[in-house]
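Here's a friendly walk through a protein model for someone meeting it for the first time. Have a look at the sequence and the fold, and then we'll go through some parts of it together.

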Amino acid sequence: SGTITARVNLGPGIAADPSNARFRISHDGTSTGNASHYHWQVDDVALVESETNDLAFVYAQYDNHIAGESTENYQYSVYPFGQIREFTMKGMFTNEGTTASSNAEFKATVYDPGMNVVWTDSASISSMPAATTDSLEIAGFTPASMAEDYMVEFELSSDSIDSRPDDNMDMGSFSVSEYIYGMDRGERDGTEDTAGDPYYLGNTFYIENDAEVTGIQVCVAGGGNTDIGATIAGILFDFNLDPVEFTMDHDIAGSDLTGTGGANWITLPFDNPVSMFAGEEYFAAVEHFGGQDEVVVATSGTSFPFVSLIYDQPTDTWFYVTSTPMVRLTFDPTVGIEDNDIVDGVGLGQNFPNPHTGNTVIPYSLEQAADVSLEVYDMTGKLVMTMDEGKRPAGNFRIN
């Protein structure tokens with residue numbers, strides 16, 4: 001979606017006879033069966049003479065993570081601390097100059113929220129011929145703590161002064177949270193509209209470490225896009241796109257709607273936390289049931305192909321989308337603790353699994369630090385067990 005500016009080096013194609021050159025623009029026919037119904041137009045074409053020295057980024061990314069059975073590239077904007085892994089920075093770039101470039105260097109620098117350098121490294125290619133494209137990767141960075149907005153700066157340089165340095169820099173950002181896993185950029189900049197048809201829409205998540213997911217989060221678009229009273233639910237699929245578990249249904253209220261530039265998250269809890277396993281990929285989606293009530297999901301940022309998907313139920317067809325749906329996972333153990341469950345600053349959640357044999361987990365939350373103990377009574381009011389948790393800070397916890 002939107003306008004894309006592209007530069008194409010015609011030098012190799014016209015080198016044999018530059019006085020009699022023609023070009024045309026067409027669909028190349030290489031997209032998969034999942035890509036259809038796309039329309040485009042080309043405008044503002046300009047022919048410019050190539051510079052002598054001109055390296056340019058094609059793209060740069062802070063997490064070049066090819067994982068799992070799908071071999072797709074998963075880069076997220078928000079990582080839960082329990083799913084942190086070593087990042088591999090990647091830069092793809094082209095030599096658009098007329099001469100070979102010597103010692104083309106790709107450099108990545110990571111800054112913390114205070115703009116302090118926490119990591120930097122580089123890699124280089126000794127010689128890069130004119131009109132060629134190549135890439136470099138740099139491994140070794142692992143976030144050490146939860147932080148809002150790590151900033152990543154990418155630089156491209158060589159032994160020669162670049163004639164067009166504006167395309168030799170790129171930026172990226174991500175954050176590490178306690179429980180949230182997200183691919184979107186956090187602020188609504190678009191929508192995914194299906195004209196009332198029932199659908200599933202969401203993102204793929206790679207699980208680095210075993211975890212229990214407690215809910216799916218979604219932002220739905222306001223401004224007349226989504227009908228108040230419409231019903232939605234969350235659904236978790238495995239790698240084969242077979243359903244694993246559904247969340248509770250949710251009826252959309254006016255306070256749930258997200259305006260342009262905003263993010264008003266609706267949390268859809270599972271009845272019981274769902275186990276997710278290391279090395280596996282899962283697809284988390286919001287389900288719209290169709291009918292007269294319209295539900296339009298907010299989008300934010302862009303996704304690599306085949307990572308964000310939409311399932312059109314009337315045609316029984318999966319498509320990929322490149323505008324990232326605002327659909328996330330939450331591993332927060334206190335999801336489902338309602339305001340009316342909080343008494344004197346202490347929130348007690350539903351145990352899981354329920355029913356259980358032998359062991360169960362009870363989530364709780366504290367609005368401020370306190371001494372904590374758990375007392376269990378039978379149906380006659382008899383105290384059958386006491387567990388002393390000691391001093392706990394404010395936050396979310398579990399008792400096994």
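This is a predicted model: local features need pLDDT of at least 70, side-chain atom pairs count only at pLDDT 80 or more; totals for chains, interfaces and linings use all residues.

Where is the place of Ala253? You'll find Ala253 in the loop between strand S18 (250-251) and strand S19 (257-258); strands here are DSSP runs of E with at least two residues, helices are runs of H or I with at least four, and both are numbered from the N terminus. Ala253 is partly exposed, with a relative accessible area of 31%. That label follows from the cut-offs: buried means under 20% relative accessible area, exposed means over 50%, and partly exposed lies in between (1.4 Å probe, protein chains only).

Residues are numbered from 1 along each chain as its sequence is written, and side-chain values use heavy atoms, with hydrogens and water left out.

Now for a sheet. In the order S1-S5-S8, 3 strands form an open sheet with antiparallel pairing; two strands pair if DSSP finds at least two bridges between them. S1 and S8 are the edge strands, each pairing on one side only. From one strand to the next, the twist averages 20 degrees (axes are lines fitted to C-alpha atoms, for helices over the stretch in contact, and angles run from 0 to 180 degrees between N-to-C directions). Strand S5 (residues 87-95) is mostly covered, as 8 of its 9 residues are buried. Lys90 in S5 stands opposite Gln61, and Lys90 also stands opposite Glu137 in S8. Phe57, meanwhile, stands opposite Phe93 in S5.

Next comes strand S21 (residues 281-288), where 8 of 8 residues are buried. In a regular strand the side chains alternate between the two faces of the sheet. Both faces of S21 are covered: Glu281, Phe283, Ala285 and Glu287 are buried on one side, and Tyr282, Ala284, Val286 and His288 on the other. Asn203 stands opposite Ala284 in S21, and Ile232 stands opposite His288.

Here are some of the strand pairings, side by side.

| Strand pair | Sense | Bridges |
|---|---|---|
| S1 (residues 55-61) and S5 | antiparallel | 6 bridges |
| S5 and S8 (residues 133-141) | antiparallel | 8 bridges |
| S13 (residues 199-206) and S21 | antiparallel | 8 bridges |
| S16 (residues 231-237) and S21 | antiparallel | 6 bridges |
| S11 and S26 (residues 327-330) | antiparallel | 2 bridges |

Ile180 has Thr330 as its bridge partner in S26.

Among the residues lining the largest cavity are Asn53, Asp54, Leu55 and Asn95. The lining divides into 1 nonpolar, 5 polar and 2 charged residues. For a cavity, a 1.4 Å probe fits at a set of points on a 1 Å grid over the protein atoms alone but cannot get out, and lining residues have an atom within 4 Å of a point. Asp, Glu, Lys and Arg count as charged, Ala, Val, Leu, Ile, Met, Phe, Trp, Tyr, Cys and Pro as nonpolar, and the others as polar.

Terms used. On a 1 Å grid over the protein atoms alone, a cavity is a set of points where a 1.4 Å probe fits but cannot get out, and a pocket is an open set with protein on both sides within 12 Å along at least five of seven lines; lining residues have an atom within 4 Å of a point.
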